[in-house]
Amino acid sequence: METRIVRINYTKENEPDPASEKAIAEAGRILKEGGLVAFPTETVYGLGGDAFNPESSRRIYQAKGRPSDNPLIVHIADIGDLPELSDRIPKEAYLLSDRFWPGPLTMILPKKDRVPKETTGGLDTVAIRFPSNPAAKALIREGGGFIAAPSANRSGRPSPTSAKYVIEDLSGRVDVILDGGDCVIGLESTIVDLTSEIPTVLRPGGVTLEELREVLGDVEIDRALIKDDSGIAPKAPGMKYRHYAPKGDLTVVRGEKAAVERYINGEIEKARNTPGHHIITAVIASTETASSYRADIIKNIGAREDENAIARNLFRILRECDDEGAGRIFAESFAGPGLKEAVMNRLLKAAGHKEITV
Ligand code: TXA
Ligand code: MG
């Protein structure tokens, strides 16, 4: 399949310009005909198909190389469209949509019959999100209003935060890639399950636990997220897969600044002195400490207090570590509240939960 790559440009009002609007309308027509379109959102790029067309969903799984028991998020561009997907909408859903939509929040609700099981991975529930990216909103409208989309990476790779990585992963596998520049958040949406008695976070993301509690009061966290080796299956089927894993051996190092630096530099020294082939070493560090490491590759992820930068840069840096052949990767810990919960969830997953405290 030939993939068309279309650059989206924005006007001063942050809307797609006329030429981009035309390209989005054309991409919307392709979606209505059962085709696949990768598109930018504020979180990560999505790989879209018509949510009501089971054949489109099958094609999404195929293009991604993803197990078909892993349900897709249905993207809408109008809160008024919620009742098309679910006829049991609790008041919490409206409290959340009022406050956080459009934006990086996905809600799980009981699904209507018309939502095909192919889209929900066989589940009776459906995940729904209203993204804020202007190109995404326009594409959803042009494509009929209901676009199923997982992240636009090949299964097992970090979610793409710029079109370059979508092109790397999906060229020849989708009809169109809309290039709308870099994603402003850079981590996937927060998923909250509203079908359980107490609303439950299944995946941390751009909307924080603190913000959810402001609106809903009581909010739980899926126990499988709190401790990965608890033996409990996560409620979001996708969370059980080892995602984002870089090819190199990644360890997260936690502790006082000086102890972390000493430990990592010591390990780098050992890797250097190992006879045989040279192992390329990399460190993922904050701006404050980046210059203290003696690794082959230093990745400055952002200032420690700038959680937005850390979130935005993480997936790109994991991909760059692969591209630059890093065999041994050390990351500082960025543990903390708010968006840092989501950062650490992804980073620890990437490390296969290999974390040491020094
Ligand atoms: O930010 C995002 O959410 C991005 C952009 C493109 O919108 N999408 C995204 O989709 O991250 P994906 O498919 O990579 O991740 C969706 C997650 C998976 O872990 C999946 O198992 C879970 O949502 N999920 C989807 N439907 C579900 C359902 N009905 N019940 C529980 N978990 C569900
Ligand atoms: Mg994904």
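An oxygen atom of ligand 1 lies 3.0 Å from an N or O atom in the side chain of Arg 129. This is a polar contact (a pair of N or O atoms within 3.5 Å). Asn 70 has a side-chain N or O atom 2.8 Å from a ligand 1 oxygen. For Ser 189, the corresponding distance is 2.5 Å. The protein covers 97% of the 690 Å² of accessible area that ligand 1 has on its own. Areas come from the Shrake-Rupley method with a 1.4 Å probe.

## Basis of the model

The model is predicted: local features need pLDDT of at least 70, side-chain atom pairs count only at pLDDT 80 or more, and totals for chains, interfaces and linings use all residues. Residues are numbered from 1 along each chain as its sequence is written, and side-chain values use heavy atoms, without hydrogens and water.

## The shell

The shell holds 29 residues, each with a heavy atom within 4 Å of the ligand. Thr 43, His 75 and Gly 238 are among the closest. The shell divides into 16 nonpolar, eight polar and five charged residues; Gly counts as polar. Strand S6 gives the most, with four residues. Strands are DSSP runs of E with at least two residues, numbered from the N terminus.

## The sheet

11 strands form an open sheet with mixed pairing, in the order S1-S8-S2-S3-S7-S4-S6-S5-S9-S10-S11. Two strands pair if DSSP finds at least two bridges between them. S1 (4–7) and S11 (220–221) are the edge strands, each pairing on one side only. S10 and S11 run parallel, joined by two bridges. Val 201 has Ile 221 of S11 as its bridge partner.

Conventions: Chains lettered and ligands numbered in written order. Polar contact = N/O pair within 3.5 Å; in protein donor to acceptor, adjacent residues only side chain to side chain.
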